[in-house]
2 protein chains.
Amino acid sequence: MSLIDRLDACARFTPANYRTFIVDGMPLGRVDHAFAETLSAYGEVFGVSSSDVVLSPDLATPDARTAAVADVLAQLRAEGMFPGWRGEHYPVSKSFYAAPALTVERATVPRFGTMGYGVHLNGYVKGDDGIRMWIGKRSMRKPTGPGKLDQVVAGGQPVGLSVWDNLMKECGEEAGMPDDLARCAVPVGTVSYLTERDEGLRHDVLFNYDIELPERFQPTPTDGEVDEFYLWPIGDVIARIRETDDFKFNAALVIIDFAVRHGVLEPDDPEYIEITEAIRVGRFSPGRVR
Amino acid sequence: MSLIDRLDACARFTPANYRTFIVDGMPLGRVDHAFAETLSAYGEVFGVSSSDVVLSPDLATPDARTAAVADVLAQLRAEGMFPGWRGEHYPVSKSFYAAPALTVERATVPRFGTMGYGVHLNGYVKGDDGIRMWIGKRSMRKPTGPGKLDQVVAGGQPVGLSVWDNLMKECGEEAGMPDDLARCAVPVGTVSYLTERDEGLRHDVLFNYDIELPERFQPTPTDGEVDEFYLWPIGDVIARIRETDDFKFNAALVIIDFAVRHGVLEPDDPEYIEITEAIRVGRFSPGRVR
């Protein structure tokens with residue numbers, strides 16, 4: 001396998017498999033045909049055609065939309081749909097910075113193909129022998145990517161918390177990182193992807209941060225989301241991404257971006273340009289539904 | 001102005017203005033209609049239709065293609081075309097890593113719309129007051145971007161020199177940087193763009209490097225390509241990119257990428273995602289002619 005294959009895993013998308021999810025006149029997501037047919041049974045909430053799933057214009061406010069959709073989803077959940085229900089709402093909006101048109105249960109976001117956001121932190125130690133990176137092994141109880149390898153800290157971006165405050169919270173909860181250390185994290189850009197996963201269509205933007213950690217710091221699982229932490233030479237991390245499917249698909253993307261930014265990959269690698277050009281966009285124009 | 005405007009300046013491209021430049025069956029560039037008509041006078045070298053400019057299949061080797069095209073270009077240059085002739089050849093190929101199908105005079109690359117490559121080095125000093133960046137003011141005698149602000153070291157990527165060796169050479173020539181210091185440069189990724197400029201269609205991939213410079217180092221113009229160097233706080237550099245047109249279009253792109261990677265821009269900036277998503281691709285899928 002090559003790193004390009006890992007990037008390709010972030011861009012598995014067939015437009016013909018989806019109908020456009022329209023809210024308040026805006027195309028905000030993509031619904032697969034089967035789920036569209038399911039939603040068509042709720043005609044007072046969803047107007048379903050062969051090309052679109054339109055949230056009823058009678059639902060004129062974010063609160064009204066949120067309540068009506070939550071009601072439908074609760075009924076479907078009672079029928080056994082949506083394993084991994086989170087009890088946590090994600091915003092649905094035109095952009096990350098726009099007011100939500102509605103909010104929906106986090107586990108159903110990939111079913112509507114609306115955008116999700118997350119924070120991922122590359123924790124690394126710099127020494128004479130180069131860069132080592134802290135890697136977390138996700139709990140087997142996680143609804144997505146159970147047992148997969150991940151960043152030292154990573155989490156979804158919920159409603160009502162700034163990206164920075166969310167990162168600080170996750171640093172404490174996931175890795176037992178003290179506040180004064182966590183505050184040394186530096187934003188280093190985004191990666192994004194639009195890709196089909198078991199849970200549905202993932203269309204996410206991840207806010208990435210780097211933190212150089214002191215030798216003496218040892219991350220500690222505190223909230224049960226991570227089972228174990230490992231400190232590995234970055235070359236071994238990259239080799240493992242290349243050769244195995246052990247890393248969560250989006251964690252691999254974040255690490256490849258890290259490797260590019262820190263000179264772990266070099267321009268004389270015949271895949272260098274393809275990798276550097278692909279990492280930010282998952283080979284699709286992001287941030288927008290077409 | 002916003003940083004987005006600077007990114008938009010790297011993506012001014014109207015497909016209808018161009019015909020595909022085809023070599024050995026491969027679409028390798030784009031020729032505007034006026035230059036296509038000019039080339040149609042040389043029917044033994046160029047087969048020109050309303051959609052394509054095809055290099056004659058009778059020219060079966062890179063050497064034969066290079067010689068035949070050079071002959072045409074020399075005649076056109078004698079008629080006053082191609083100001084800023086460099087006397088330096090650039091490869092034309094399917095990818096950076098592929099053997100060239102031919103080489104052409106550097107100043108004519110934007111007329112054929114074939115891909116160009118360059119190395120750009122962000123030279124910065126880290127202090128208690130944050131990051132300062134070395135900026136070079138280009139000589140008024142440069143054929144492109146005379147008098148514009150630029151990276152401390154930047155140059156085109158010629159045939160027959162590795163990216164790293166080219167960077168080392170430019171570090172010495174442009175900024176008088178000793179070899180043992182220049183070797184601390186770290187590759188940090190690429191940026192690319194496809195955009196219409198006075199000189200023609202620029203479709204480039206830039207290999208970017210960062211170097212943290214010691215306080216005591218003072219770059220010195222040695223080859224006449226740079227008139228002066230300035231050391232400015234990164235916030236002032238970004239403000240100047242935002243508010244003025246003083247920076248060369250591609251130097252601005254390289255600095256915006258630097259600002260993202262070093263946390264100078266932050267996720268709560270409402271333009272953050274648009275900027276981070278746009279910098280690598282100039283809003284076009286790069287590296288490939290369609």
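This is a predicted model: local features need pLDDT of at least 70, side-chain atom pairs count only at pLDDT 80 or more; totals for chains, interfaces and linings use all residues.
## Domains, chains and packed helices

In chain A, 14 residues of domain 1 are in contact with 16 residues of domain 2. On the domain 1 side of this contact, the elements of chain A that contribute two or more residues are strand S7, which covers residues 115-127, and strand S12. S12(A) gives the most to that side, with five residues. Sorted by class, the side of domain 1 of chain A that touches domain 2 of chain A holds six nonpolar, five polar and three charged residues.

Two copies of a chain are related by a rotation about an axis and a shift along it. Here, chain A is superposed on chain B by a rotation of 180° with 0.0 Å of shift along the axis, and the RMSD of that superposition is 0.0 Å. This is the relation of a two-fold axis. The same surface serves both copies, since 100% of the contact residues of chain A recur in chain B.

The contact between the chains can then be followed from the side of chain A. There, 26 residues of chain A are in contact with 27 residues of chain B. The elements of chain A that give two or more residues to this side are strand S11 (186-197), strand S12 (200-212), helix H8 (249-261) and helix H9 (272-278). Of the residues on the side of chain A that touches chain B, the largest share, six residues, comes from S11(A). By class, the residues of that side divide into 14 nonpolar, seven polar and five charged.

Two packed helices are described by the angle between their axes and the distance between the axes. In chain A, the axes of helix H7 (residues 234-243) and H8(A) come within 11 Å and cross at roughly 135°. That angle makes H7(A) oblique to H8(A), and H7(A) passes H8(A) in a left-handed crossing. Where these helices meet, Ile234(A), Val237(A), Ile238(A) and Ile241(A) in H7(A) face Ala252(A), Ile255(A), Ile256(A) and Ala259(A) in H8(A). The residues of this contact of H7(A) with H8(A) are eight nonpolar, with no polar and no charged ones.

In chain B, helix H7 (residues 234-243) and H8(B) pack at an angle of about 135°, with their axes 11 Å apart. H7(B) is therefore oblique to H8(B), and the crossing in which H7(B) passes H8(B) is left-handed. Ile234(B), Val237(B), Ile238(B) and Ile241(B) of H7(B) make the contact with Ala252(B), Ile255(B), Ile256(B) and Ala259(B) of H8(B). This contact of H7(B) with H8(B) has eight nonpolar residues, no polar and no charged.

H8(B) also packs with helix H9 of chain B. The axes of H8(B), residues 249-261, and H9(B), residues 272-279, come within 10 Å and cross at roughly 120°. H8(B) and H9(B) are therefore oblique to each other, and their crossing is left-handed. Leu253(B), Ile256(B), Asp257(B) and Val260(B) in H8(B) meet Ile275(B), Thr276(B) and Ile279(B) in H9(B). By class, this contact of H8(B) with H9(B) has five nonpolar, one polar and one charged residues. Ile256(B) is named both in the contact of H8(B) with H9(B) and in the contact of H7(B) with H8(B).

Technical notes: Residues are numbered from 1 along each chain as its sequence is written. Chains are lettered from A and ligands numbered from 1 in the order in which they are written. Axes are lines fitted to C-alpha atoms, for helices over the stretch in contact, and angles run from 0 to 180 degrees between N-to-C directions. Helices (H or I, at least four residues) and strands (E, at least two) are DSSP runs, numbered from the N terminus. Angles under 35 degrees count as roughly parallel, over 145 as roughly antiparallel, 65 to 115 as roughly perpendicular and the rest as oblique. A crossing is left-handed if the near helix is turned anticlockwise from the far one by less than a right angle, and right-handed if clockwise. Two residues are in contact if their C-beta atoms, placed from the backbone, lie within 7 Å. Ala, Val, Leu, Ile, Met, Phe, Trp, Tyr, Cys and Pro count as nonpolar, Asp, Glu, Lys and Arg as charged, and the others, Gly among them, as polar. Copies are superposed by least squares on the C-alpha atoms of residues with pLDDT of at least 70 in both.
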